[in-house]
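These are my notebook entries on a structure that is new to me. I set down what I looked up, entry by entry.

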Amino acid sequence: MARTIPLIYIILFTVACAHQTASHTSQKTEAAIPIHMSFGAVWDDAQRCTEAVKAGWRLPRQSNKFRIGTWNIRWFPDGKPGEKANKYGGTDVEWLACVIAALDVDILAVQEFKLTRRGKNALEQLIDTLNNLTDEPWAWESDVCPDPTRQHVGFLYRTAKVHLSHITSHSEIDPTVRTKNASEVCPGKLRPALAAYVASKRGGVDFHFVTSHLDAGNSKRDYSNRTKAWKLLDKVYEARIAKKDDSDFIFGADFNSIGCPKCGVRNDKDEIGRLLSTLKELKRPLIAAKPSVRCTQYYRGRSGMIDQIVHNTEMHEAKGAKQLISGICAAASCRTLDASYIGALKYLSDHCPVLMDLNDTDIDS
């Protein structure tokens, strides 16, 4: 017998996709969202996304805003570690470019990029597709860790609207000890931070933009590495100001805030509470804007909040901004999913983009 989808689900998810503001509902008592649901043209498949973008659809924003974002694009372009693509064929590069164009982001921090020959070719394909879809030039930057198969961090940005300078990989954020045959810029076992001084070519907002990818896992060691990295942000901050004397500082990253039950940190909510408390107590305090929904990633159908954008407390251009979480996370309102049937989670990433709109004017104090 064919499965019938109740009309109420269709109504609820149409509203969720249009507005991306529905509240977070408990995962423990609800059934998984029915399969074959639409999450909106951009997120349903590559063809519908391309049609929507070529027709002019973009995620709405005000004309006087400068949009930044962060997105972990799972092991781009293969979807897994190693030299070969996963069984699904890896990242759908054309679809990814279409989604980035639809997000209407000026600069996007990215995590989990490989810089193998396949990886670099896929990056060039991504840039070419973005150029064609948006009728404007794009570029990419990455950290300079020498191992091409490791997870790298980087930036994708619109060169006609954004100027990058003082681009540097910062090992200061990696709390692990020096490894054998390590490079000077990437001496430890974990990822460095990548930073650039970003200046808008339209309005005038300028700031240090930093991204990284903290240690994954829920073991005591993993959690310890993350908490050390939080405190090491002070060193990254000082290193940035030494390069360019501007206190405006934004860190958009995969914090991997999944908790550590053996450490007394039960889940992502507990860890985020500790994270935000620690960031407020730094020598140069950092804060996070309120997220539009309470998740940024799906793992085995359940959502979690592990990606964030934080900024210094005195950055006037960020005042009043929210963390706008897009994609499947927003469309599903963080509810439990039958993730095996959702194309975007297979061919793009199990993470969702996190965006923030800044006032595009230079009002440094």
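Which residue just after helix 5 takes a positive phi? I found that D135 does, with a phi of about 55°. I note at the outset that the model is predicted.

**Entry: the chain as a whole**

I counted 9 helices and 14 strands in the chain. Of its 365 residues, 57% count as buried. I then looked up contacts between residues at least 6 apart in sequence, and 76% of them join residues at least 24 apart.

**Entry: helix 5**

I returned to helix 5, which covers residues 117-134 and has 18 residues. From its first C-alpha to its last it reaches 26 Å, close to the 26 Å expected at 1.5 Å a residue. I listed its buried residues as G119, A122, L123, L126, I127, T129, L130, L133 and T134. Seen down the axis of helix 5, these buried residues fall within an arc of 165°, so they line one face of the helix. On the other side of helix 5, I found R117, N121 and N132 exposed.

What covers the buried residues of helix 5? I recorded that the cover includes helix 3 (46-54) and helix 4 (93-103), together with strand 1 (65-76), strand 2 (107-113), strand 3 (138-142) and strand 4 (152-158).

**Entry: aromatic pairs**

My search for aromatic pairs gave a count of 9. One of them joins F66 and F207 edge-to-face, at 6.1 Å centre to centre and with 75° between the planes. F66 lies in strand 1 and F207 in strand 7 (residues 206-211), so this pair ties together parts that are 141 residues apart in sequence. Both F66 and F207 are buried.

I next examined Y88 and Y347, an aromatic pair that is edge-to-face, with 6.1 Å centre to centre and 80° between the planes. Y88 lies in the loop between strand 1 and helix 4, and Y347 in helix 9 (residues 343-347), so the pair ties together parts that are 259 residues apart in sequence. Y88 counts as partly exposed because its relative accessibility is 36%, and Y347 counts as partly exposed because its value is 28%.

I also noted that F66 and F207 belong with F155 and F209 to one aromatic cluster. In a separate look at charges and rings, I found the charged end of R284 over the ring of Y237, 5.1 Å from its centre.

**Entry: nonpolar cores**

Which residues of the largest nonpolar core touch the most other members? I found them to be I68, I100, F207 and L358, in a core of 75 residues. Helix 4 gives the most to this core, with 10 residues. Another core lies apart from it and has 23 residues, among them W230, F249, F251 and A253.

I then looked up the contacts of L358, leaving aside its neighbours within four places in sequence. The contacts of L358 are N64, K65, F66, I68, V205, F207, I250, M315, E317 and A318.

**Entry: S63**

Is S63 buried or exposed? I recorded S63 as exposed, because its relative accessible area is 77% and the cut-off for exposed is over 50%. S63 is found in the loop between helix 3 and strand 1. Finally, I checked S63 against D360, which is 297 residues away along the chain, and found their C-alpha atoms separated by 9.0 Å.

Conventions:
Residues are numbered from 1 along each chain as its sequence is written. This is a predicted model: local features need pLDDT of at least 70, side-chain atom pairs count only at pLDDT 80 or more; totals for chains, interfaces and linings use all residues. Side-chain values use heavy atoms; hydrogens and water are left out. Helices (H or I, at least four residues) and strands (E, at least two) are DSSP runs, numbered from the N terminus. The expected span of a helix is 1.5 Å times one less than its number of residues. Buried means under 20% relative accessible area, exposed over 50%, partly exposed in between (1.4 Å probe, protein chains only). The arc is that of the directions from the helix axis to the C-beta atoms. Contact means heavy atoms within 4.5 Å. Rings of Phe, Tyr and Trp (its six-membered ring) pair if their centres lie within 6.5 Å; planes under 30 degrees apart count as stacked, over 60 as edge-to-face and the rest as tilted. A charge sits over a ring if NZ of Lys or CZ of Arg is within 6 Å of the ring centre and within 35 degrees of the ring normal. A nonpolar core is a set of buried Ala, Val, Leu, Ile, Met, Phe, Trp, Tyr and Cys residues joined through side-chain atoms within 4.5 Å.
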